[in-house]
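I opened this model to look up a few things and write them down.

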Amino acid sequence: MDKVNGSVITEFVLLGLAQSLGMQVFLFLFLSLFYVGIILGNLFIMLTVILDSHLHSPMYILLANLSLIDLGLSSTTVPRMISDLFSGCKIISFHNCMIQMFFIHVMGGVEMVLLIAMAYDRYTAICKPLHYLTTMNPQMCMLLIMAAWIIGVIHAVSQFVFVINLPFCGPNNVGSFYCDFPRVIKLACMDTYRLEFVVTANSGFISMGTFFFLIVSYIFILITVRQHSSKDLSKAFITLSAHITVVVLFFTPCMFLYVWPFPTKSMDTFFAIVDFVITPVLNPAIYTLRNRDMKVAMRRLSRQVVSSREMP
């Protein structure tokens with residue numbers, strides 16, 4: 001067998017999500033329906049922000065980028081999850097496994113920074129409204145987006161360069177339905193304790209620290225609003241509740257997948273599905289159902305589409 005980067009393994013074996021035919025059919029319908037929802041929901045948000053000039057503000061530009069990342073993150077795993085359901089031999093090549101891991105962490109890193117940028121945007125808008133237009137100007141918005149992509153790539157590359165050069169010569173069963181750094185590292189034919197710690201610190205501890213930082217930031221915003229005007233507290237809470245919900249949905253699976261010291265297959269599967277399937281389809285609903293401007297813009301866009309069809 002040809003070697004790949006010093007490895008004798010050229011492919012990895014993935015685990016199936018279900019064994020019985022009934023469960024396979026259920027998961028096929030469930031995953032297919034949710035993936036269509038992910039595509040349509042996130043594309044609709046991106047198109048609405050792009051086409052409606054009223055939404056050309058930092059908050060909605062960041063939201064459109066978040067939708068792009070959700071769509072990309074889901075697309076790294078969900079199509080293969082669906083195609084593997086009825087496959088007897090769930091094999092992924094060495095190169096495809098590496099590519100999947102790389103893009104999962106690029107998208108995850110970008111989304112983490114975007115959530116921080118959105119928190120900063122809300123802090124400026126609510127706590128320093130008079131300085132909002134000068135602080136969150138178009139240049140700052142583009143700088144935050146570029147920083148998110150750069151940090152996301154650095155986050156992935158800092159782990160990828162070590163993993164791709166590991167020697168793989170023994171077992172090749174990943175133990176999951178997708179490839180990820182912690183699982184693949186364990187298959188290497190060498191002591192990987194230090195590298196496992198690097199991955200845990202890079203993905204787990206950073207996720208945990210960022211999560212608590214964002215929650216504390218939103219609490220600080222609410223306390224600041226309450227000190228100035230208790231009447232505005234409910235309005236601010238409604239605005240921030242969508243952001244807090246998205247933060248919890250994104251970071252909770254990350255912390256359990258990368259930090260929890262007693263992982264189990266069922267728990268890993270559950271949180272991975274939440275991360276790749278549930279969260280990307282809920283984010284569009286959360287931001288549209290709780291945002292008056294988005295709902296108005298969507299109605300406006302819908303009327304324009306209807307009127308253009310009625311024109312001769």
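My entries follow, one topic at a time.

**Entry: the model.** I am working with a predicted model. I keep that in mind for every value below.

**Entry: disulfide count.** I looked for disulfides and found 2 in the structure. I then numbered the bonded cysteines along the chain and read off the pairing, which is 1-3, 2-4.

**Entry: Cys97 and Cys179.** I took this pair up first. The sulfur atoms of Cys97 and Cys179 are 2.1 Å apart, and the two residues form a disulfide. I checked the torsion about the S-S bond: it is -120 degrees, and the link is left-handed. I then placed both ends. Cys97 sits in helix α4, which covers residues 94-127. Cys179 sits in the loop between α6 (138-163) and α7 (181-185). The two are 82 residues apart, and the pair links distant parts of the chain.

**Entry: Cys169 and Cys189.** I went on to the pair of Cys169 and Cys189, a disulfide with 2.0 Å from S to S. Cys169 lies in the loop between α6 and α7, and Cys189 in the loop between α7 and α8 (193-228). Here 20 residues separate the two, and this pair also links distant parts of the chain. I looked up accessibility for each end. Cys169 has a relative accessible area of 46%, so I list Cys169 as partly exposed. Cys189 has 33% relative accessibility and is partly exposed.

Entry: The cut-off I apply is 2.5 Å between sulfur atoms. Cys127 is partly exposed, with a relative accessible area of 22%. The closest cysteine sulfur to Cys254 is in Cys179, at 17 Å, so a bond is ruled out by distance. Cys254 is buried, because its relative accessible area is 8%.

**Entry: α8 against α9.** I turned to helix packing. Two packed helices are described by the angle between their axes and the distance between the axes. I looked up both values for α8 and helix α9 (residues 233-258): the axes come within 9 Å and cross at roughly 165 degrees. An angle over 145 degrees counts as roughly antiparallel, so α8 and α9 are roughly antiparallel to each other. The crossing of α8 with α9 is left-handed. I sorted the residues of this contact by class and got 19 nonpolar, 6 polar and 1 charged.

**Entry: annotated spans.** I consulted the UniProt record, an unreviewed entry. Its "transmembrane region" annotation covers several spans, including 25-47, 59-78, 205-225 and 237-258. I checked two of them against the model. Residues 25-47 are 100% helix and 0% strand, with end C-alpha atoms 33 Å apart. Residues 59-78 are 90% helix and 0% strand, with end C-alpha atoms 28 Å apart.

**Entry: Arg300.** Arg300 is in helix α11 (residues 292-310). Its relative accessibility is 22%, so I count Arg300 as partly exposed. How far apart in sequence and in space are Arg300 and Asp52? They are 248 residues apart in sequence and 8.5 Å apart in space, C-alpha to C-alpha.

Definitions and conventions
Residues numbered from 1 in each chain as written. Predicted model: local features only at pLDDT ≥ 70, side-chain atom pairs only at ≥ 80, totals over all residues. Heavy atoms only, no water. Helix = DSSP H or I, 4+ residues; strand = E, 2+ residues; numbered from the N terminus. Buried < 20%, exposed > 50% of the residue type's maximum accessible area, 1.4 Å probe, protein only. Axes fitted to C-alpha atoms, helices over the stretch in contact; angles between N-to-C directions. Parallel < 35°, antiparallel > 145°, perpendicular 65-115°, else oblique. Left-handed = near helix turned anticlockwise from the far one by under 90°. Nonpolar A, V, L, I, M, F, W, Y, C, P; charged D, E, K, R; others polar. UniProt positions renumbered as here; feature names shortened; annotations may be inferred.
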